[in-house]
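Subject: Structure handover

Hello,

Here is the structure I promised to pass on. Please open it first, then read my notes below.

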Amino acid sequence: PMVSTTATELSNVGEYPVIISGGSSKNYYLSYRSGTLTIIKAPLTVIAENAERQYGESNPTFSRLYSGFKLDDTESSAFSSLPMLSCAATRTSNVGEYPIVVNGGTSRNYEIVSYENGVLNITKAPLTLVATDKSRLYFEENPSFDYTLIGLRNSDTKSCLTMQPTFKCAAAKTSNAGEYEIEPLNATAQNYTIVYQKGTLSINKRNLTASVGNYTKIYGSENPQFEIDYIGFVNNEDKSVLTNAPNIVCSANKTSDVGSYPISLDGGNALNYDVSKYISGTLTIEKADQIITWNQNLSNIQMYSQVALEASSSADLPVSYEMSPNNVASLYNNNGKWYLDCFGTGAVNIRAVQNGDKNHNAAPLVSNTLVVMGTGGDPSNPQIFLNVENAGLCQILLQITENIRLRIFV
């Protein structure tokens with residue numbers, strides 16, 4: 001007999017008739033009773049695939065794996081409703097492992113005999129800890145160092161750190177002006193892998209005020225030695241730490257006239273200081289004193305003599321002369337040179353005067369005594385002594401009378 005059925009290996013779960021027919025026997029009559037082929041569900045294991053993500057991210061799309069598929073079956077062809085995947089982890093869940101639970105699902109041809117849960121591994125997120133740049137003045141204590149965090153998730157703040165950072169900086173209170181690294185260290189966080197970014201401590205120069213005082217000098221003398229005073233030094237330092245002292249500028253010199261001249265400052269620098277303010281001073285040039293030297297002997301002068309006066313000023317200024325009205329001599333000035341005309345006998349006091357100028361004080365008066373001796377002339381032949389500056393006028397006088405004796409000084 002022949003046995004057949006319509007079922008094949010691709011046939012779904014169910015019952016299929018088994019038909020028997022044909023065959024022959026010498027001694028038997030054959031009758032037939034059909035049978036049944038029952039196709040039952042194949043066993044299937046559903047496996048939740050492991051997954052991984054960083055802290056603060058959304059869960060990935062979970063996947064299933066299967067053990068027990070027959071033929072070319074796939075998830076989409078084998079299931080009328082897929083197994084469900086779930087995980088308790090959320091975006092804000094801490095770093096760690098969380099089960100991926102699989103259950104449910106409906107399949108015509110498969111019996112789900114077991115479920116294998118997977119694992120979601122939440123890893124640490126990257127976080128950059130940046131040391132904040134700071135600044136201070138030379139010879140100050142370092143400020144408190146701080147930091148910022150780049151890469152925080154889920155509205156996290158600095159409190160997410162389980163250990164606050166420490167900071168390393170080579171700068172000390174006495175360190176010179178310049179830039180120094182601030183290196184953060186030793187911070188930890190449950191949900192972050194920390195990388196560090198260094199900051200900079202800038203030590204700035206201190207401001208220095210340079211001032212020059214007021215000075216006086218006498219006309220004709222060299223300028224005094226100007227001194228600069230400073231305000232702003234620290235650490236027991238003084239002007240010796242200056243790389244270059246400020247320049248002192250004053251237009252006055254030895255020959256400058258009496259008056260006031262500004263003393264100004266500019267420039268100057270130092271490793272740890274900036275000369276940021278200058279206070280100017282004043283040089284006052286005062287009038288110089290002078291004296292008159294007059295060593296001329298006028299104690300034995302003959303009558304009718306013309307005497308050039310020889311007093312001199314220590315300032316080389318012209319000296320003039322004063323004399324009270326008298327019957328002995330008269331003064332006259334010829335092109336800046338002073339003379340005495342002695343026309344009578346006797347003694348008279350003469351004063352040498354120098355009243356000063358814009359650069360000199362008046363000199364103390366110096367006196368000299370003129371003593372004129374007589375020559376024994378004829379009283380019957382009177383003599384008139386005239387000081388005539390014009391020779392032509394003398395000729396006119398000679399024509400007027402021959403009895404007048406003239407001494408002409410030109």
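Leaving aside neighbours within four places in sequence, Tyr192 is in contact with Tyr55, Lys124, Ala125, Pro126, Leu127, Gly151, Leu152, Arg153, Asp156 and Cys160. Contact means heavy atoms within 4.5 Å.

A word on the source. This is a predicted model, where local features need pLDDT of at least 70 and side-chain atom pairs count only at pLDDT 80 or more, while totals for chains, interfaces and linings use all residues. Residues are numbered from 1 along each chain as its sequence is written, and side-chain values use heavy atoms, with hydrogens and water left out.

The cores

Tyr192 also belongs to the largest nonpolar core, which has 30 residues. A nonpolar core is a set of buried Ala, Val, Leu, Ile, Met, Phe, Trp, Tyr and Cys residues joined through side-chain atoms within 4.5 Å. Buried means under 20% relative accessible area; exposed means over 50%; partly exposed lies in between (1.4 Å probe, protein chains only). The members that touch the most other members are Phe62, Ile100, Leu120, Leu129, Leu161, Tyr192 and Ile194. At least two residues each come from β4 (42-48), β8 (84-87), β9 (96-103), β11 (110-116), β12 (118-123), β13 (125-131), β15 (147-150) and β20. β4 gives the most, with 4 residues. Apart from this core lies another, of 26 residues, among them Cys169, Val212, Ala252 and Ala270.

Strand names follow DSSP: helices (H or I, at least four residues) and strands (E, at least two) are runs numbered from the N terminus.

The sheets

Two strands pair if DSSP finds at least two bridges between them. β8 and β9 run antiparallel, joined by 4 bridges. Ser86 stands opposite Val101 in β9. β9 and β12 also run antiparallel, with 5 bridges. Here Glu97 stands opposite Asn121 in β12.

Next comes an open sheet of 3 strands, in the order β15-β13-β20, with mixed pairing. β15 and β20 stand at the edges with a single partner strand each, so one side of each has no neighbour in the sheet. Neighbouring strands of this sheet are turned by 25° against each other on average, direction ignored. For such angles, axes are lines fitted to C-alpha atoms (for helices, over the stretch in contact), and angles run from 0 to 180 degrees between N-to-C directions. β13 and β15 pair in the antiparallel sense over 4 bridges. The bridge partner of Leu129 in β15 is Leu149.

Another open sheet has 4 strands, in the order β23-β30-β27-β26, again with mixed pairing. Its edge strands are β23 (215-218) and β26 (247-249), each pairing on one side only. β26 and β27 (residues 259-266) pair in the antiparallel sense over 3 bridges. Asn247 stands opposite Asp266 in β27.

Asn191 sits in the loop between β19 (188-189) and β20 (192-197). It is buried, at 8% relative accessible area. A polar atom of its side chain lies 2.7 Å from the backbone nitrogen of Val95. Beyond neighbours within four places in sequence, Asn191 is in contact with Tyr55, Asn94, Val95, Lys124 and Ala125.

Gln290 lies in the loop between β30 (281-286) and β31 (292-293). Is Gln290 buried or exposed? Gln290 counts as buried, because its relative accessibility is 2%. A polar contact of 2.7 Å joins the side chains of Gln290 and Gln354. A polar contact is a pair of N or O atoms within 3.5 Å; within protein, one must be able to donate a hydrogen and the other to accept it, and residues adjacent in sequence count only if both atoms are side-chain atoms. The backbone oxygen of Asn361 lies 2.9 Å from a polar atom of the Gln290 side chain.

Val18 is in strand β2 (residues 14-21). Val18 is partly exposed, at 22% relative accessible area. Val18 and Ala7 are 11 residues apart in sequence and 8.8 Å apart in space, C-alpha to C-alpha.

Cysteines

How many disulfides are there? The count comes to 0, where a disulfide is a pair of cysteine sulfur atoms within 2.5 Å. Cys87 is buried, at 19% relative accessibility. Cys250 is buried too, with a relative accessible area of 18%.

Best wishes
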